[in-house]
Number of protein chains: 2
Amino acid sequence: MGRQTPERKNTIEFHDQPLTDEGGIDFEVIEGFFFAYRDFISDPDAILEKSGFGRAHHRVVHFVNREPGMTVADLLDTLKITKQSLARVLKQLIDSGYICQVAGPEDRRQRRLYPTRSGRDLALALAEPQQQRIARAFEGMTADDRKAVLRFLAGMQNARRE
Amino acid sequence: MGRQTPERKNTIEFHDQPLTDEGGIDFEVIEGFFFAYRDFISDPDAILEKSGFGRAHHRVVHFVNREPGMTVADLLDTLKITKQSLARVLKQLIDSGYICQVAGPEDRRQRRLYPTRSGRDLALALAEPQQQRIARAFEGMTADDRKAVLRFLAGMQNARRE
DNA sequence: AAAATATGTCAACAACGCTGACTTATTTTT
DNA sequence: AAAAATAAGTCAGCGTTGTTGACATATTTT
């Protein structure tokens, strides 16, 4: 199975049979997830390119819109990236007027993050094509089917916070 | 709605209300997809780190195992990255003995790609934790539910090749 | 013989992760 | 009140993986 004939110069042992689902591995899910996520992310990517932003900016704008008033520490915990990595994109979003900071009301060391009007608009503009894609994928599905998808997505995640 | 009081120094207009699913956007799916994919990818990442490889290597090893004998052009078409980007990781995988090249039998300009024994082993090792995760997410789901998930993943993708 | 094709390569750049070290406010602890 | 801890910011450098542009080589097609 897949060894080259002895008279060939290249005698390295290799496989010529494809790896299939037979071995109990769901390659259809593995690949489907890869292609789906790549295409899912490509829509907002195209929009962000115009503003000179990238995916990292997308995530920050998204979560700040989802939870206005969150602290920098909250955001770091959600994104699971380093402070230095976040600082780079957060600074740009603040300087460009998409996000603003307010000193914490109780703890003034904190920087509470809020979306500005443009920040909210951007979040919505980025979500729009993603929503279209989700709607298309859900098309013709029953409520149970959709519930199964949500359950799947939740089950694929590591144990959540709290 | 979310404008600061006039007497405050910081008078930038901002939103303090969270963006919710009310606007017809499936944030649960959007976020679920993000977290699920991130965690899904983290398992193989941890394994690859030991060999000094990254995600790009994972993808190459995966698809070459799935379709032994594929050409470089096939791989580029599947991954949708540039030749130069692929070259970097492919060279490392060949030099490390995970993948081997054979001149095309009909067209000798082609380089047919095959996994070696270690290449196949690596692909399986990387798929294993991902399969575990998928199995966990599918746990307790009906056949119809699982079909719905596959249908969802297919629906999220751009129009496929062929 | 000329043109097209498949692949490889050199160089430079950008986005976005990372580590390590250090500063500034502010709050908590002692 | 002094000391320690905490929240956030910053500087500097590095690694992976994507990009563009230009060019080289072998082989096939025209």
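## Two copies, one axis

Rotating chain B by 180°, with 0.0 Å of shift along the axis, superposes chain B on chain A at an RMSD of 0.0 Å. Among the residues of chain B, B:V149 comes closest to the rotation axis, with its C-alpha at 2.7 Å.

Please keep in mind that this is a predicted model, in which local features need pLDDT of at least 70 and side-chain atom pairs count only at pLDDT 80 or more, while totals for chains, interfaces and linings use all residues. Residues are numbered from 1 along each chain as its sequence is written, and chains are lettered from A and ligands numbered from 1 in the order in which they are written.

## Where the chains meet

Chain A and chain B each bring 54 residues to their contact (two residues are in contact if their C-beta atoms, placed from the backbone, lie within 7 Å). On the side of chain B that touches chain A, at least two residues each come from α1 (27-51), α2 (55-66), β1 (99-103), β2 (111-115), α5 (117-138) and α6 (143-155). Helices (H or I, at least four residues) and strands (E, at least two) are DSSP runs, numbered from the N terminus.

α1(B) gives the most to this side, with eleven residues. By class, this side of chain B holds 30 nonpolar, twelve polar and twelve charged residues. Here Ala, Val, Leu, Ile, Met, Phe, Trp, Tyr, Cys and Pro count as nonpolar, Asp, Glu, Lys and Arg as charged, and the others, Gly among them, as polar.

## Around the DNA strands

DNA strand D is surrounded by 25 residues, and the closest are A:T71, A:A73, B:G54, B:T82 and B:S85 (near means a C-beta atom, placed from the backbone, within 6 Å).

DNA strand C has 24 residues around it, of which A:G54, A:T82, A:R108, B:T71 and B:A73 come nearest. Two or more residues of this surface come from each of α2 (55-66) and α4 of chain A and α3 (72-79) and α4 of chain B.

Technical notes: Least-squares fit on C-alpha atoms with pLDDT ≥ 70 in both.
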